[in-house]
Amino acid sequence: WIPNWGWAIIILTGIINLVFLPMRLSQMKTSLKMQKAQPRIQDINKKYEKYGLRDTEKQQQKQQEVMAIYKEEGINPVAMGGCLFMVVQLPLIWAFYAVLRNSIELRQAPWLWVHDLSAPDPLHILPILTIVVMYFVQSMTPMPGMDPAQRRMMNITMIAVFGYVTLRYSAGLALYLTVSYGISLAQQFFLNRSELGREIREIQAKRARKKLGKGK
């Protein structure tokens with residue numbers, strides 16, 4: 001139906017992201033629940049901080065208390081990380097790579113400045129766009145309960161991996177990732193300004209003011 005393979009990839013990417021939109025909304029709701037439960041989890045951490053990691057019985061008790069809070073608040077631990085959307089995409093990314101590598105129809109298929117969607121972007125525009133858009137998506141996505149240093153390391157690792165993939169492999173794959181994260185950026189922008197997003201920001205601001213007050 002679509003005469004150009006590049007535009008076909010863009011349209012398919014849009015459809016895939018619409019399918020994943022409920023997952024993104026679910027992550028936002030989980031983030032809000034996690035923000036609300038965070039003070040209770042911090043109290044549990046303080047309660048058990050005097051016990052070492054070798055005290056497996058106390059560590060198990062701590063884990064059970066935390067999981068009890070998750071269950072009470074309806075929190076799914078698997079959905080807490082903002083990188084879940086990236087992980088779910090990995091099979092799709094591999095499928096795109098396999099199709100672009102093996103499909104004869106995509107060999108020498110042009111799109112705008114790209115002369116061959118099965119080869120790397122000759123101007124490296126798509127890899128650069130992927131890295132930039134990924135950075136903004138990650139900075140706008142709330143990750144409650146994650147250590148800031150750990151979050152920075154994870155973000156840098158993910159950006160480096162996807163940057164290498166888009167630079168090294170086919171422009172069609174880079175086009176998919178660029179458009180996909182571009183749509184994710186737009187979705188996150190509007191979600192952050194929704195009632196749910198405002199509630200999360202209010203909780204974060206309240207907690208930041210509380211920490212500032214303790215610091216003084």
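Me: What makes Arg 40 partly exposed?
Reply: This is a predicted model, and in it Arg 40 has a relative accessible area of 33%.

Me: Why is the pair of Glu 72 and Arg 40 called a salt bridge?
Reply: Their closest N and O atoms are 3.1 Å apart. The cut-off is within 4 Å, between a side-chain nitrogen of Lys or Arg and a carboxyl oxygen of Asp or Glu. The pair passes, so the name applies.

Me: What does that pair tie together?
Reply: Glu 72 lies in helix H2 (residues 56-73), and Arg 40 lies in helix H1 (residues 5-48).

Me: Is Glu 72 buried or exposed, and how do you know?
Reply: Exposed. Its relative accessibility is 56%, and the cut-off for exposed is over 50%.

Me: How many salt bridges does the structure hold?
Reply: It holds 2. Besides the pair above, Lys 47 forms a salt bridge with Glu 65.

Me: What makes Lys 47 and Glu 65 a salt bridge?
Reply: The closest N and O atoms are 3.2 Å apart. That is within 4 Å, so the pair qualifies. It links distant parts of the chain, with Lys 47 in helix H1 and Glu 65 in helix H2, 18 residues apart.

Me: Why are Lys 47 and Glu 65 called partly exposed?
Reply: Lys 47 has a relative accessible area of 46%. Glu 65 has 26%. Both values lie between 20% and 50%, so both residues are partly exposed.

Me: How do you know that the buried residues of H2 line one face?
Reply: Gln 59, Val 66, Ile 69 and Tyr 70 are buried in H2. Seen down the helix axis, the buried residues fall within an arc of 100°, so they line one face. On the other side of H2, Glu 57, Lys 71 and Glu 72 are exposed.

Me: How does the span of H2 compare with what is expected?
Reply: H2 has 18 residues. From first C-alpha to last it reaches 26 Å, close to the 26 Å expected at 1.5 Å a residue. Gly 74 follows H2, with a positive phi near 75°.

Me: How do you know that the length of H4 agrees with its residue count?
Reply: At 1.5 Å a residue, its 16 residues should span 22 Å. The end C-alpha atoms are 23 Å apart, which agrees.

Me: Which residues of H4 are buried, and why do they line one face?
Reply: Leu 126, Pro 127, Thr 130, Val 133, Met 134, Val 137 and Gln 138 are buried. Down the axis of H4, the buried residues fall within an arc of 135°, so they line one face of the helix.

Me: What makes up the largest nonpolar core?
Reply: It has 25 residues. Ile 93, Met 134, Phe 162, Leu 175, Tyr 176, Leu 177 and Tyr 181 touch the most other members. Elements giving two or more residues are H1, helix H4 (125-140), helix H5 (148-168) and helix H6 (171-192). H6 gives the most, with 8 residues. Another core, of 9 residues, lies apart from it, and its members include Met 34, Ile 44, Tyr 70 and Ile 75.

Me: Why can Leu 12 count as partly exposed?
Reply: Its relative accessibility is 41%. Leu 12 is in helix H1, and is one of the residues making a nonpolar surface patch of about 970 Å².

Terms used. Residues numbered from 1 in each chain as written. Predicted model: local features only at pLDDT ≥ 70, side-chain atom pairs only at ≥ 80, totals over all residues. Heavy atoms only, no water. Helix = DSSP H or I, 4+ residues; strand = E, 2+ residues; numbered from the N terminus. Buried < 20%, exposed > 50% of the residue type's maximum accessible area, 1.4 Å probe, protein only. Core = buried A, V, L, I, M, F, W, Y, C linked by side-chain atoms within 4.5 Å. Expected span 1.5 Å × (residues − 1). Arc of directions from axis to C-beta. Patch = residues over 30% accessible without salt bridge, like charges linked within 9 Å, V, L, I, M, F, W, Y side chains within 5 Å. Areas by Shrake-Rupley, 256 points an atom, 1.4 Å probe, with all protein chains shown as cover.
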